[in-house]
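Good morning, and thank you for the time. I would like to take you through one structure, moving from the sheet to the helices, the chain contact, the core and the backbone.

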Amino acid sequence: MPQTRQYPAEVLLHRRAGGEYFRLVLRAPALAASAVPGQFVMLRVSENRDPLLARPFGIASVVSRKDIVLYYRVAGRGTTLLTTVRPGQRLGLLGPLGKGFPVPEKGTTPLLIAGGSGFPPLLFFTARYGKRARLFVGSRDKACLPPSGVMKDFRSRVLGIHYATEDGSCGTCGFVTDALAAFMDRPDRFGRPVIYACGPHPMLAAVSRLAADRNIPCYISMEARMACGLGVCMGCSVPVASGGYKRVCKEGPVFDSREISWSGPVSLQLRKAECGVRNEE
Amino acid sequence: MKNRANAEIRDPKSAWKKPDLSVKFAGIRLKNPVLTASGTFGYGEEFRDIIDLNRLGGIIVKGVSLRPIIGNPPPRIWETPSGMLNAIGLENPGVDVFLNAKLPSLRKLDTAVIVNIFGYSVDDYVAVAEQLDGAPGVAGLEVNISCPNVKSGGIVFGTNLKAASELLSAVRRATRLPVIAKLSPNVTDITEFARAAEGAGCNGLSLINTLLGMAIDVRSRRPRLANCTGGLSGPAIRPVAVRMVWQAARAVKIPIIGMGGILTAEDALEFILAGASAVAIGTGNFVNPAATLEVVEGIRAFLEHEGAGSVRELVGQVRTA
């Protein structure tokens, strides 16, 4: 198990990445060396007491085993403040946290589903085990798609990319799950498919249903508001099928989709989840 | 101003010695006055990688009940200005699991372990207290009285003087361990409850628990928490907590653990000057997992700077005249 540490992490790079997204590079050597795809960090966006809590971000990539890359878009007060951070500044960083994606088995075809700003953990996934993967990217409209630099990285790592936008401004018009279903119905697919998804809660619910209907293994990276990221505040718990709750920060954020109780009240409440950033509006 | 908790005459040589951070609280020896507040530190295991738990004055563990409790549906937390609301629902694995799975590793630590207990009837509390009595490694009990008594119409023990007295007396009789009453701040006059706890034979007080609060999403017109209301914690409540500690300290002789929004040593020292013999870090652990140890070092540095020989010299020394 990689050890979780707390850092005053130096900001190395911070700039607009295209579209609505910002790219933030932080120096955190031990964290970068031990993090696995699907894990996240808690980042304090300010030294002040308001906003009080750190924000959780999925790790998008690791550079030279020393630095980590995060992507975010402005979704509330915390991320608004974060945009003002300059290279050279140090931010409180805690990680790596949570349980990552299971390593794909030989002979499987990973089907990656990225909804909205849920692409960062999947970008990290493709860096480690992308070769045979296919990516499905969905968003509201073209502007909300991952930045072009990210898409370039994805293109160089995966076998194919399928786009879906709700307004039809890019790729298939409709939900990313429709594009996924259409692909699954094609006769020429190869390998045993395994789904890895990150995105808003309704998308994860739809992907999980599709996976259950077709009896395909499905791993989802969940989002929740959280205070500590360490498993002690119990604020991020989600209802599970076996009864009771599990902590997104500790037992997750990656769950086998069959573990989650999708009919629970959480689906209503996490309606506006913004992927990668879980503590914002 | 009454000088509380074993104040010592200032020794002129003390300025050259390393300041003494140890305190004896309600019969419990603490190597320093900094504890973790219940429900913000789990059972210690999650922090093991990040800080040296042996350097803590003590750990007040997450509330333990007679039977496991699964907790409230989400959303359970909401961030507020300089604070947060929570309605976790006291999720915990129950006293049996605590004794068998959590306590064995806790008792190996070189720090005081205080077990927070709660229930929904006097019998519940008494049963948990009895099970913990004599358990090796338990230094004391902290009794969360901010729970409804389901056997008397759901009245909250901690906001009704008679119910609070009866409950605390019953727990006091059920155990030989030091009993610390964690008072609810959701009352008009905290001194009445502080006196009631002292009268019931409690050995110490913890204050404050969270303040009852609420937040609403104006667009959906729904409460931010599934439970509608929740407990407010964090720096937002600190002035209220300091005031209540100050009032309670003047009303009773038993020592007080002060808590409510402490993030730094300076925050902690406010409570100590107000009359707290020890302090607990709660929400601060979420913001900075090393907050407890930074507070310990900060208090040490303050004592050195002030030339004080012991942290005990500062207890209740706010200059109000």
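Predicted model: local features only at pLDDT ≥ 70, side-chain atom pairs only at ≥ 80, totals over all residues.

Residues are numbered from 1 along each chain as its sequence is written, while chains are lettered from A and ligands numbered from 1 in the order in which they are written.

Let me begin with the sheet in chain A. Seven strands form an open sheet in chain A, in the order 4-3-7-1-2-6-5 and with antiparallel pairing. Helices (H or I, at least four residues) and strands (E, at least two) are DSSP runs, numbered from the N terminus, and two strands pair if DSSP finds at least two bridges between them. The edges are held by strand 4 (55–58) and strand 5 (61–63) of chain A; each has a single partner strand, so one side of each is left without a neighbour in the sheet. On average, neighbouring strands of this sheet are turned by 40° against each other, direction ignored. Strand 3 (residues 40–43) of chain A pairs with strand 4 of chain A in the antiparallel sense over 4 bridges, and F40(A) has G58(A) as its bridge partner in strand 4.

Helix 3 of chain A packs on this sheet, where it touches strand 4, strand 5 and strand 6 (67–73) of chain A, and its direction makes about 55° with that of strand 5. Here, contact means that the C-beta atoms of two residues, placed from the backbone, lie within 7 Å. Axes are lines fitted to C-alpha atoms, for helices over the stretch in contact, and angles run from 0 to 180 degrees between N-to-C directions.

How does helix 3 of chain A pack with helix 4 of chain A, and at what angle? Helix 3 (residues 119–129) and helix 4 (residues 148–157) of chain A pack at about 35°, with their axes 10 Å apart. Helix 3 contributes F119(A), L123(A), T126(A) and A127(A) to the contact, and helix 4 contributes V150(A), D153(A), F154(A) and R157(A). By class, these residues are 5 nonpolar, 1 polar and 2 charged. Ala, Val, Leu, Ile, Met, Phe, Trp, Tyr, Cys and Pro count as nonpolar, Asp, Glu, Lys and Arg as charged, and the others, Gly among them, as polar.

I turn now to the two chains together. In all, 32 residues of chain A are in contact with 31 residues of chain B. On the chain A side, two or more residues each come from strand 1 (5–18), strand 7 (90–97), strand 14 (237–239) and helix 7 (266–269). Strand 14 of chain A gives the largest share of that side, 3 residues. The side of chain A that touches chain B has 17 nonpolar, 11 polar and 4 charged residues.

Beyond its neighbours within four places in sequence, Y245(A) is in contact with S237(A), V238(A), P239(A), V240(A), I70(B) and G71(B). Y245(A) counts as buried because it has 24 C-beta neighbours inside 10 Å. A residue is buried if 20 or more other C-beta atoms, placed from the backbone, lie within 10 Å of its own, exposed if 12 or fewer, and partly exposed in between.

Next, the core. The largest nonpolar core has 189 residues, and those with the most contacts inside it are I68(A), V207(A), L205(B), V245(B) and V279(B). Helix 5 (residues 238–251) of chain B gives the most to this core, 7 residues. Such a core is a set of buried Ala, Val, Leu, Ile, Met, Phe, Trp, Tyr and Cys residues joined through C-beta atoms within 7 Å.

Finally, the backbone. Most residues other than glycine have a negative phi, and most peptide bonds are trans. R65(A), in the loop between strand 5 and strand 6 of chain A, has a positive phi of about 55°. M234(A) likewise has a positive phi, of about 60°. In chain B, a cis peptide bond joins P74(B) and P75(B), with omega about 0°.
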